[in-house]
Amino acid sequence: MTATARRARDFRPIVFTAAALLMAVPAARADDGAIIGRWYSALLVADRTELSDLLADDVRIKLDDLGIVQGKQEFIASIDEWRDAVAGAEIRHRIEKSEGGVTTVIACYDFPNNDMLMQETFAVTGDRITASSQAAIAENCDSY
């Protein structure tokens, strides 16, 4: 075996490891997308159990427009009010980007009497949302 062939053989484990890691990155993003999809589905029906399961115990949810930061218990406690507000609504969302462990989503909250376009970010670790922020970007969903 030539020296060049031996060097190439020595790099094979590194190449296979790198390839496996690169294939895992899209899988992690897909998992984050699935978690975010579950989030909006649960939010639409105000499913306290599912929302609680999706949130890490130490989550921080920042509602920029209201100047509020909520922990998990505070957020779950507010779901009864949300249930009334979301009755008859539709929530559409699309992932804009996923970078550095943070996924940015554009969401249209289409309530029976009005709609609002939001930019929301999610940090996901494992199968739990560890942080979220929400800010209005338009008073309607025309640009969705």
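Two strands count as paired if DSSP finds at least two bridges between them; strands (E, at least two residues) and helices (H or I, at least four) are DSSP runs, numbered from the N terminus.

## About the model

This is a predicted model, where local features need pLDDT of at least 70, side-chain atom pairs count only at pLDDT 80 or more, and totals for chains, interfaces and linings use all residues. Residues are numbered from 1 along each chain as its sequence is written, and side-chain values use heavy atoms, leaving out hydrogens and water.

## Strand 5 and its partners

Strands 4 and 5 make a hairpin with 4 residues between them. Strand 4 covers residues 102–110, and its pairing with strand 5 is antiparallel, over 9 bridges. Take T103: its bridge partner in strand 5 is F122.

On to strand 6 (residues 128–138), which also pairs with strand 5 in the antiparallel sense, over 9 bridges. Here L117 sits opposite A138 of strand 6. The hairpin of strands 5 and 6 has 2 residues between the strands, and G126 there has a positive phi near 65°.

As for F75, leaving aside neighbours within four places in sequence, its contacts (heavy atoms within 4.5 Å) are W39, L43, L51, L55, I61 and Q70.
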